[in-house]
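Dear colleague,

Please find below the structure that I am handing over to you, with its sequence.

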Amino acid sequence: MLSGIVILFTLGYLAIALEHPIKVNKTATALLTGVACWTVYALGSAHEPEKVVDELSHHLGSVAEILFFLLGAMTIVELVDAHQGFKLITDRITSKNKVTLLWILGLITFFLSAALDNLTTAIVMISVVRKLIKEPETRKLFAGIVIIAANAGGAWSPIGDVTTTMLWIGGQITASKIMKGLFLPSLISLLIPLLFMTSRLKGKVKSLPAEEDVHSSENAHQLIVEAQNSTIMLVLGLGSLLFVPIFKTITHLPPYMGVLLGLGIVWVVSEILHSGKDEEERKPFSVAHALSKIDTSSILFFLGILIAIAALESTHLLTDLAMWMDKTIGNQDIIVTTIGLASAVIDNVPLVAASMGMYDLAQYPADSKLWEFMAYCAGTGGSILIIGSAAGVAVMGMEKIDFIWYMRKISLPALLGYFAGIAVFLLLY
């Protein structure tokens with residue numbers, strides 16, 4: 001039975017890692033892997049089916065917390081975007097100097113990613129880069145920095161990256177400690193690539209010609225109202241997401257409850273703002289429309305991979321793996337650093353999920369060095385290769401960046417930043 005589960009999980013993992021060459025969506029593979037692992041476990045434990053069902057129900061509760069959190073956060077972000085809330089931030093970037101623009105975009109991405117998430121921030125910032133820069137090669141270099149900054153910014157915030165959110169919801173880290181412990185290492189992991197790229201950029205960017213805005217006096221009032229709505233939704237959306245850690249601290253309720261509270265508030269305000277419009281005019285600003293735009297495929301991917309990891313945890317395979325690694329490698333810092341490097345090739349969600357099952361909270365309580373180091377390495381290690389993070393894959397598609405080009409131009413500064421951040425983290429400890 002155990003051998004069968006290991007073989008199924010390994011095959012599924014390989015299929016997920018090789019999603020693009022084999023042309024099979026990783027979500028489908030993850031769902032099949034998750035169900036197959038539990039099926040083998042159930043058939044191998046036929047004499048005690050109630051135990052298997054109870055374990056599955058227990059794990060499903062933890063998985064559902066993560067999924068509902070992501071669903072609520074994604075919907076809030078889509079509502080803000082529908083009201084062009086992020087445009088208020090991006091329209092204020094006016095510099096033409098390449099170096100200045102690089103630093104502005106990098107730092108904005110870093111902090112915005114901590115408030116939203118790395119994937120959404122990367123998409124928003126690439127849209128900005130497209131408006132500001134005409135030259136394809138320069139735009140690709142900026143896109144590389146956006147990927148590094150988005151992943152670095154997500155690593156130090158409990159809501160900035162799926163893996164950090166998983167650790168937060170799982171009780172491995174707390175919001176205040178992770179922000180305090182990882183802010184400087186994460187910032188260093190961005191500053192090193194910025195300094196590296198600064199020496200290679202000169203001159204001013206060639207921007208795209210600005211679109212001419214012609215507005216009549218009739219719709220001047222409407223434009224003012226839309227600008228006000230954008231401001232309200234941006235402040236409310238970001239505020240509701242930033243309030244989630246505070247809500248958890250005050251009430252001790254799970255984070256997904258705070259996100260659902262925020263979504264309810266943003267939803268009500270959106271309805272009020274557009275109450276005077278007819279059904280067709282209100283549709284683009286509705287939650288129903290926002291739900292149709294969120295990446296539901298990713299939600300199902302997380303469901304599949306997390307229940308697959310749960311099967312390994314229930315059969316104690318992950319605990320055995322942790323003990324073997326401790327005996328073979330010995331140094332836990334090297335183990336976690338290696339996991340971070342592996343996340344450049346393999347999706348960091350299953351890597352962190354597996355690590356959460358490998359190490360017991362009784363032995364490594366909340367805010368232990370292990371968990372904070374894991375959050376940093378898994379979050380920033382994905383920047384080393386363009387396929388190593390959701391942000392990287394999204395930018396790869398948007399800007400048609402070649403895998404080899406990224407490896408030649410961006411991987412080295414990303415790797416230097418990764419190890420510089422590790423050095424700072426270990427020095428702080």
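How many aromatic pairs does a search of the whole structure find? The search finds 17 aromatic pairs. Please bear in mind that this is a predicted model.

Aromatic contacts

One of these pairs is formed by Phe9 and Tyr13, whose ring centres are 5.4 Å apart. The angle between the two planes is 75 degrees, and the pair is edge-to-face. Phe9 and Tyr13 are 4 residues apart in helix α1, so about one helical turn separates them. Both Phe9 and Tyr13 are buried.

A further pair consists of Phe111 and Phe183. Their ring centres are 6.2 Å apart with the planes at 40 degrees, so this pair is tilted. Phe111 belongs to helix α6 (residues 98-115) and Phe183 to helix α10 (residues 175-198). The pair therefore ties together parts that are 72 residues apart in sequence. Phe111 is partly exposed, because its relative accessibility is 42%; Phe183 is also partly exposed, because its relative accessible area is 28%. Phe111 and Phe183 also belong to one aromatic cluster, together with Phe110 and Trp156.

Charges over rings

Two contacts between a charged side chain and an aromatic ring may interest you. The charged end of Lys140 is placed over the ring of Trp405, at 5.7 Å from the ring's centre. Arg200 lies over the face of Phe196, and here the distance to the ring centre is 4.1 Å.

The nonpolar surface patch

On the surface, Ile7, Leu11, Leu14, Leu18, Ile22 and Val24 form a nonpolar patch. Together these residues have about 530 Å² of accessible area. Which helix gives the most to the nonpolar patch? Helix α1 (residues 2-17) does, with 3 residues. Ile7 lies in this helix, α1. Helix α1 thus has two entries in this message: it holds the buried pair of Phe9 and Tyr13, and it contributes to the patch on the surface.

Cysteines

The count of disulfides comes to 0, where a disulfide would require two cysteine sulfur atoms within 2.5 Å.

With kind regards

Notes: Residues numbered from 1 in each chain as written. Predicted model: local features only at pLDDT ≥ 70, side-chain atom pairs only at ≥ 80, totals over all residues. Heavy atoms only, no water. Patch = residues over 30% accessible without salt bridge, like charges linked within 9 Å, V, L, I, M, F, W, Y side chains within 5 Å. Areas by Shrake-Rupley, 256 points an atom, 1.4 Å probe, with all protein chains shown as cover. Salt bridge = Lys/Arg side-chain N within 4 Å of Asp/Glu carboxyl O. Phe/Tyr/Trp six-rings, centres within 6.5 Å; stacked < 30°, edge-to-face > 60°. Buried < 20%, exposed > 50% of the residue type's maximum accessible area, 1.4 Å probe, protein only. Lys NZ or Arg CZ within 6 Å of the ring centre and 35° of its normal.
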